[in-house]
Amino acid sequence: MPERRGRSRPRFLVLALVFVCLLGVGVAWFVRDFSEPLCKGMRHDGRVEKALGNRYDKGMTCADLGAAVKAVTLGKQPGEHSLRQAQAMKDVVLAVADGLDEDGGGLDQGLRLPLAEVLADYRVDLRENLGLTPVDYVRNGIASKPAWEDDAGVHVSVNWRTALLPVVRAVSEDPDAYAVVREAVTRQAAEALAAMKPDGTGNTLSAPAAHSAWALGNLDGVAADVVSSLKSDRGREWQAAALADLSRTGEGEKTAVPAFAEAAADYLVARWRGDVAAEGAEALERQAASMFGEWCDAVGVTGTDREEAAERIERGQRAAGRGVLMDQD
């Protein structure tokens, strides 16, 4: 009997060790599964499955999911979308926003840049939603309202505070993705300025830039929140990477600034990129007023109206940025 007990003890210890190892693996799997950034939940969201159609696969990786989202939301030409593509974009953004709210975590790395590229391709809607949102965008931003079409084209809207801004914040964990979104808003801001006539006064003179200022201020707040969430070294690395992207002029080479008369929007964007390269983060914080000033110089607007408009624009951008940070507290 003693020998029997002696032989069974090692067997018991081995079994116990195996049990502990299996338990450890199970716990590790459980923790990993539920602490992953958002992706799995999206794969099982009915809105995502509907949006992806025959591209949907419940076993797809996060990177595959990102590629599929781009495939069903982007048109053949940049910025051109069908109603079906725009609705797919809305469904995906709402699914991501809801998932972020329920999960309390971030967004998988494989989804950040693809989603940023989708947001950027809808840059007209992006600026409208993040700016001083027009009535039709507010009305159609309700989750149950579909994408719509009018004489200007196809549009899509989501609630900027509860859906769009959280998604922009999530993709912005990647500085390259943040730069993609900011570049899109910058381009749209430049085009809004380029379309202005130089004979405006008062609010008429400042309105387009003030609208852009609010959108850019929201992106200032997003950047500040990302940096504050990181350790100092990583925060500086994030900021340096984003600024490098935003100041680039194309494939690492300097590109000549086009003439304003030939390509007004390109001129304004190029001038601002030069500001970023020279001044860094400060160029972001006063972007709307700086671009407005460049436009005024180019078209010959001077005097009190210009000065008062620039002050309103700069105040608006700062106020929007502070509002985002207050929401994060």
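Which elements cover the buried residues of α7? I began there. The cover includes α6 (109-121), α8 (135-140), β2 (153-155), α9 (160-171), α10 (175-194) and α11 (202-229). Six of the eight residues of α7 (residues 123-130) are buried, so the rest of the structure largely encloses this helix. I listed the buried ones: Asp125, Leu126, Arg127, Glu128, Asn129 and Leu130. Buried means under 20% relative accessible area, exposed over 50%, and partly exposed in between, with a 1.4 Å probe and protein chains only.

**Ground rules.** The model is predicted, so I kept to its limits: pLDDT of at least 70 for local features and 80 or more for side-chain atom pairs, while totals for chains, interfaces and linings use all residues. Residues are numbered from 1 along each chain as its sequence is written, and side-chain values use heavy atoms, without hydrogens or water.

**Overview.** I found 16 helices and two strands in the protein. These are DSSP runs numbered from the N terminus: helices are H or I with at least four residues, strands E with at least two. Of the 329 residues, 44% are buried.

**Core.** The largest nonpolar core holds 88 residues. Such a core is a set of buried Ala, Val, Leu, Ile, Met, Phe, Trp, Tyr and Cys residues joined through side-chain atoms within 4.5 Å. Leu52, Leu65, Val96, Phe292 and Trp295 have the most contacts inside it. I then looked up Trp295. Leaving out residues up to four places away in sequence, Trp295 touches Leu193, Met196, Lys197, Pro198, Leu205, Phe260, Leu268 and Val301. A contact is heavy atoms within 4.5 Å.

**Salt bridges.** I searched the whole structure and got 15. Each is a side-chain nitrogen of Lys or Arg within 4 Å of a carboxyl oxygen of Asp or Glu. One joins the side chains of Arg127 and Glu128 at 3.3 Å, N to O. Both Arg127 and Glu128 are buried. Arg286 pairs with Glu279, with the closest N and O atoms 2.2 Å apart. Arg286 is partly exposed at 32% relative accessible area, and Glu279 is partly exposed at 34%. Asp297 meets Arg306 at 2.9 Å, N to O. Asp297 counts as exposed because its relative accessibility is 52%. Arg306 is partly exposed at 21%. I also noted a network of salt bridges that links Asp45, Arg47 and Asp98.

**Ser206.** Is serine 206 buried or exposed? It is buried, at 3% relative accessibility. Ser206 lies in helix α11. Beyond four places in sequence, Ser206 touches Ala309, Arg312 and Ile313.
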